[in-house]
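Here is a short note for someone opening this entry for the first time. Please read it beside the sequence and the model.

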Amino acid sequence: MLGQPAVHTSQIEPLTGPVVGGTLLTIRGQNLGRRFSDIAKGVRIGEVACIPVQDSYIISEQIVCSTNGANQEFTDSVTVKVQKEGHSSQKFSFLLPEIDTLYPDQGPKAGGTTITINGINLHIGSVLKVLVNGSKDCTSLKRTGRSIVCVMPPLPAAESAVPICVQFEKKHCIRKNLTFWYRENPLIESISPNTSYVSGGRRITVTGQRFYLAQTIHMVIEDSGKAQSVCAIESDSMLTCPSPPYSVSTVNVHFDINGIRYKKASLTRASAAFRLHYYNDPHFYRKEKLIKHHKGEPLTLVIEKIQDNLNLAPEEYKVMIGSFPCDLYVVKGKIHCSVNVSLESDERQLPVSVHVGKYNETIAMVQLSESDFSIIMSIVVCVVLLLACAIALVVFCTKSRRAERYRQKTLLQMEEMEAQIREEIRKGFAELQTDMTDLTKELNRSQGIPFLEYKYFVIRTFFPKCSIDSESQSSERFHQLTSQSRIAAISPSPPETHPLLQPDWK
């Protein structure tokens, strides 16, 4: 017979639970028993037993068990024993949850108030309930380790304080005195104005009582279609709601307070409480479509409006010139728009647009041009530049004439210098030619150009030290030659031994 395979647990869920027990722990893995009886008493967390639930058991794959209570907080692995024990790699923690505060602690009897319960270890366990007055559930529950958020149910009874109970794993409530007060519902008395334009966005003022109990209020229109907008709570007795866009018609207006449809107690039909009349969008115009404006100057425009049934108040208008707002005042149905700041913009034209709620219309364009001062300054700058150019031209012409005269004078001096140089060269050549002629005549008379004999030339060239005595002798002989004759005999010299000094050397 083969032995039982080893137990393997791959996942446990959840990983935390309260020390009071009751947490439904799901164990998934392999070889978790061939029948329920194999694991009926074989699951524990440390020394705390976990009782398997037979209806949720899947052979060999899944065990669901309910934890017993623990004496204190601790963390340990899950042990599953069939024939052999297997331990989970994940660990389960027994923790003690604590409750601190509740906010808000009051709301309308109609319900819908979203409350937040703060504390620690509020994420543990498999089942969590928040009980209101011991019987009703706080719905839409969401939780983290430090908070529980849920929506309070309605309470038809009179104003009263009810206990709030936080219950883990269907056990006893956590001991903390949490109390929530149910107050009378907010009361809506009137809306004003009762007209709107189809683009929507008109500010509707709603008066009433006890709006401080509301967290969110929506204006809702349900007729041929549905539209809604979010209201702002201005005070305990006033709301402001932008009208939602809708078609031309007369519609019933409803209000959802904290997600609960408001119903006026004195009326059998809540839809008959408030009515809103929708008209076409307002239309504005101006005869002059293009307005020329000098930068830096104040601008005032008059805008006319076609008569309608909207009865718009002056504060409902908003006029913009580009990105610049206008200061408005209305006289006999005409809107006077004044801009006291300089319209500085990179664009040459700025649109004039009228805004009413979500509706806006461009009725004209403002063309920006330079101011008179700017024009005068531009003319002055141009004149100064022209004068500067004229002065520069005069200076340039004067200097050009001076340069031309200097050039002519320089050329004349150069011509005179060239003539002098030519004359000196001519005279120099003439004198040189005369000297050459005289020298040639003298050479003809003296029988040619004097020169050294070969022997003395060689001695002077190659043996300069040995030529001193020879030069003295040759000097005497040269004088003898010039006085007697160049063909006379030369006195004998010492015998020469160097081959270069031999007379027959070639």
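The points below go from the basis of the note to a core, a strand within it, and a separate sheet.

1. Basis. This is a predicted model, in which local features need pLDDT of at least 70 and side-chain atom pairs count only at pLDDT 80 or more, while totals for chains, interfaces and linings use all residues. Residues are numbered from 1 along each chain as its sequence is written, and side-chain values use heavy atoms, with hydrogens and water left out.

2. The largest nonpolar core. A nonpolar core is a set of buried Ala, Val, Leu, Ile, Met, Phe, Trp, Tyr and Cys residues joined through side-chain atoms within 4.5 Å; buried means under 20% relative accessible area, exposed over 50%, and partly exposed in between (1.4 Å probe, protein chains only). The largest such core has 26 residues, and Phe 284, Ile 303, Val 319, Ile 321, Leu 343 and Val 352 touch the most other members. Strands S30 (299–305), S31 (318–321), S34 (334–339), S35 (349–356) and S36 (359–369) each give two or more residues to this core. Strands here are DSSP runs of E, at least two residues long, numbered from the N terminus. S36 gives the most, with 5 residues. Apart from this core lies another, of 23 residues, including Leu 102 and Val 166.

3. Beyond its neighbours within four places in sequence, Ile 303 is in contact (heavy atoms within 4.5 Å) with residues including Phe 284, Val 319, Ile 335 and Val 352.

4. Partners of S30. Two strands pair if DSSP finds at least two bridges between them. S30 runs antiparallel to S34, joined by 6 bridges, and Leu 301 stands opposite Cys 337 in S34. S28 (residues 284–285) also pairs with S30 in the antiparallel sense, over 2 bridges; Tyr 285 stands opposite Glu 304.

5. A four-stranded sheet. An open sheet of 4 strands has the order S18-S20-S24-S23, with antiparallel pairing. S18 and S23 (232–235) are the edge strands, each pairing on one side only. S18 is joined to S20 (residues 203–209) by 5 bridges, and Ser 192 stands opposite Thr 205 in S20.

6. Leu 187. This residue lies in S18 (residues 187–192). Leu 187 counts as partly exposed because its relative accessibility is 26%. Leu 187 and Thr 207 are 20 residues apart in sequence and 8.5 Å apart in space, C-alpha to C-alpha.
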